[in-house]
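Me: Please take me through the structure shown here, with care over the criteria behind each term.

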Number of protein chains: 2
Amino acid sequence: MAEMLRESPYPMVSIAEATATIMAQARPLASEEIEAFSALGRVLAGDITSPEDIPDVPKSAMDGYALRAADGLTPRRVVGELTAGGAAAVMLAPGEATRIMTGAPLPPGADAMIPVELTTERDGMLYIQRELQPGDYVHVVGQDVRRGQTVLTAGTTIGAAEIGILATLGITRIPVYRQPRVAILATGDEVVEPGSPRPAGAVRDSNRYALMAAVREAGGIPISLGIARDDRDVQRQAILHGLDQADVLITSGGVSMGTRDLIKPLLAELGTVHFGRIAFKPGKPTTFATIGGKLVFGLPGYPVSSLVSFEVFVRPALRALQGDASPFRPQIEVTLAEPVRPSPDRPEYQRIIVRYQEGRFTAVTTGSQSSSRLLSLRGANGLLLVPAGDTVYPAGSTLPALLTGPLIV
Amino acid sequence: MAEMLRESPYPMVSIAEATATIMAQARPLASEEIEAFSALGRVLAGDITSPEDIPDVPKSAMDGYALRAADGLTPRRVVGELTAGGAAAVMLAPGEATRIMTGAPLPPGADAMIPVELTTERDGMLYIQRELQPGDYVHVVGQDVRRGQTVLTAGTTIGAAEIGILATLGITRIPVYRQPRVAILATGDEVVEPGSPRPAGAVRDSNRYALMAAVREAGGIPISLGIARDDRDVQRQAILHGLDQADVLITSGGVSMGTRDLIKPLLAELGTVHFGRIAFKPGKPTTFATIGGKLVFGLPGYPVSSLVSFEVFVRPALRALQGDASPFRPQIEVTLAEPVRPSPDRPEYQRIIVRYQEGRFTAVTTGSQSSSRLLSLRGANGLLLVPAGDTVYPAGSTLPALLTGPLIV
């Protein structure tokens with residue numbers, strides 16, 4: 001029997017040190033040009049400037065009449081009708097007005113318009129109730145966007161409004177950062193496929209599927225490497241196969257101190273292990289390495305440790321690889337709605353439900369915080385950072401928390 | 001020339017009335033069974049109960065030794081090694097211990113385990129430093145999930161944790177509500193495709209592409225119906241074509257009072273118009289109809305009105321059609337970082353950037369709130385609800401806001 005390790009050879013790093021080490025390696029991937037209207041969720045790799053003024057000609061801001069302000073309150077002869085899409089051939093003479101619809105170009109000769117609600121039209125004559133200034137109700141050239149103006153900046157995540165802005169300007173292709181391809185390898189002789197028969201005592205591989213979903217949610221492209229049994233050569237082969245196709249490799253399990261925990265020595269052999277332990281619960285054995293410039297995360301096998309370590313350490317890296325200017329989840333201060341017991345030896349991220357009520361955030365935990373209890377992540381929209389210690393935080397205390405999902409009110 | 005309407009024949013409804021009217025029609029669509037691991041973002045259509053206990057046998061919670069608590073502090077003879085995936089054939093006799101790895105089933109005869117850090121092993125004998133109780137460091141049957149327990153409830157949106165829970169239980173197919181198919185029709189003679197040459201004065205169709213992205217973000221499946229020119233028969237045909245393939249139809253433009261605004265009469269002819277005006281800025285002419293049980297939204301043509309009306313009125317309906325138990329965006333109270341001028345006649349949703357700083361939400365608007373200025377949506381993560389009135393709200397006032405994007409800190 002191989003000797004059983006009493007203590008990990010890896011020094012314990014703090015959460016902040018671990019984060020800084022990872023982020024220093026997570027530089028944006030190359031950019032690529034894609035169709036702008038399929039870019040939802042992608043991150044811009046360059047600034048976008050407007051090639052033109054919007055609007056490009058003076059336009060009517062409402063439905064009504066185009067006219068000359070200098071004509072004062074004198075009734076005008078109505079000489080036609082201009083629609084947004086119609087030709088604007090008419091030249092407006094003094095004493096004339098023309099019907100004009102929202103968005104229609106102002107005809108030559110006109111310098112203002114009046115909304116239909118402020119007018120009467122009778123027998124081809126227009127009567128208006130108040131004097132106008134030139135420019136009234138006119139949507140002037142460049143009012144919305146000026147030619148040459150920077151409308152979107154690199155690092156912006158593309159949403160519906162950004163797609164609208166690009167379409168308005170006729171910009172149909174944009175540079176975005178490449179999405180990270182993230183290979184995920186489950187390990188362990190006890191691990192079986194969720195759809196296969198399960199021998200007594202064996203566990204189904206939930207981590208790989210949960211991590212694939214989390215990678216997708218973070219904007220990455222997950223690649224499943226299946227389950228590798230606890231054999232050095234099998235795992236080595238699977239890691240190399242994953243690195244061939246991916247920018248990031250995540251392993252699940254095999255990072256504790258058990259005799260079958262083979263991941264850390266393999267990563268050390270293939271590349272550089274930057275840290276192999278974090279003063280952090282749940283997920284102390286979380287390991288970070290680089291192999292040929294690619295990022296490798298060795299996550300613990302317990303389901304909760306796996307997803308919480310992903311959220312805290314892997315997700316910001318995946319956002320940074322995509323060039324996101326704001327890769328971190330927002331951190332807020334929450335008021336505890338119930339007492340919270342810290343872990344004596346390590347800072348702990350407890351899974352919580354954050355509500356916004358009566359002007360403040362309140363937090364309740366999601367029940368037992370055991371690392372194996374995946375149900376503790378059900379419904380959680382936050383992670384409460386509880387410093388290590390022996391003293392219970394009473395209800396009403398405030399602590400920092402990461403907001404990981406939509407706020408509940 | 002047709003007469004120019006002075007006043008809309010449609011009564012003005014409040015935001016609350018409009019919302020209630022829409023939500024009364026937005027009942028969940030049928031459910032379908034899909035592969036659980038591809039269900040990210042979908043909404044569960046039934047409760048999920050566990051078919052088994054997790055764990056199914058007592059297991060070691062850490063790396064260490066399995067033993068009998070009753071042996072007290074007496075040194076034990078080490079008789080073997082159990083891994084999580086190995087066979088547990090050994091029967092532990094009094095005075096014996098076996099090495100055991102995290103997650104390995106406890107062998108028969110053992111009733112507790114001790115973590116390796118609290119032990120010494122020398123010459124085949126195990127020395128422990130403190131007495132144990134039966135059950136210590138043992139992960140007992142059903143500790144994480146009990147057989148028959150409801151683990152997920154109908155109306156839950158599936159995230160990474162939910163996928164992990166399903167995989168753990170071996171549940172590979174789940175019932176979810178169908179995603180709404182949402183057909184989107186742009187209208188207007190002045191509207192051209194973003195990739196086509198643009199005659200002077202014409203505008204590119206930004207709304208359809210922005211709305212398609214917004215539909216996708218809301219969990220729907222967008223269907224583009226292209227651009228219909230301002231012709232009654234063309235638009236009628238396009239609406240019918242859209243209703244043939246979709247659960248929801250959104251039209252863009254053609255709902256003002258201009259002579260080319262054809263949508264409202266068409267919807268009234270084909271179905272029931274529930275309302276045709278909302279006391280709301282930007283987006284007063286927003287129209288809601290049902291045709292043969294399908295939902296139809298007539299959104300204004302101004303880009304900002306289009307997206308804000310979508311956010312406030314259409315998005316909750318799309319979430320409700322998917323069975324989401326929480327279809328609305330969270331509403332919070334924000335402190336104004338700058339004065340805000342209300343609209344005199346209508347409540348207004350102003351586009352804001354919400355930051356969480358020093359324990360409270362602060363809001364700044366995104367500049368000019370003109371309905372045509374799509375840039376006012378750039379970077380916005382909230383909509384400030386400003387009641388109608390003549391009095392400026394000074395900096396430091398608080399007003400309600402919808403949180404429409406991630407919090408900025």
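This is a predicted model: local features need pLDDT of at least 70, side-chain atom pairs count only at pLDDT 80 or more; totals for chains, interfaces and linings use all residues.

Reply: Residues are numbered from 1 along each chain as its sequence is written, chains are lettered from A and ligands numbered from 1 in the order in which they are written, and side-chain values use heavy atoms, leaving out hydrogens and water.

Me: What distance separates the centres of domain 1 and domain 3 of chain A?

Reply: In chain A, domain 1 covers 15-29 + 179-321 and domain 3 covers 59-139, with bounds that come from an automatic or database domain assignment. Taken over C-alpha atoms, the separation of the two centres is 67 Å.

Me: Which residue is the bridge partner of A:A186 in strand 17 of chain A?

Reply: Strands here are DSSP runs (E, at least two residues; helices are H or I, at least four), numbered from the N terminus, and two strands pair if DSSP finds at least two bridges between them. Strand 13 (residues 181-187) of chain A runs parallel to strand 16 (residues 221-228), joined by 6 bridges, and A:A186 stands opposite A:I227 there. Strand 13 also pairs in the parallel sense with strand 17 (residues 248-252) of chain A over 5 bridges, where the partner of A:A186 is A:S252.

Me: Is A:S371 buried or exposed?

Reply: A:S371 is found in the loop between strand 23 (360-365) and strand 24 (382-386) of chain A. Its contacts (heavy atoms within 4.5 Å) include A:P282 and A:Y302, not counting residues up to four places away in sequence. With buried meaning under 20% relative accessible area, exposed over 50% and partly exposed in between (1.4 Å probe, protein chains only), the 18% of A:S371 makes this residue buried.

Me: Why is the pair of A:F280 and A:Y349 edge-to-face?

Reply: Rings of Phe, Tyr and Trp (its six-membered ring) pair if their centres lie within 6.5 Å, and planes under 30 degrees apart count as stacked, over 60 as edge-to-face and the rest as tilted. A search of the whole structure finds 15 aromatic pairs over all chains. The rings of A:F280 and A:Y349 have centres 5.9 Å apart, and because their planes stand at 65°, the pair is edge-to-face.
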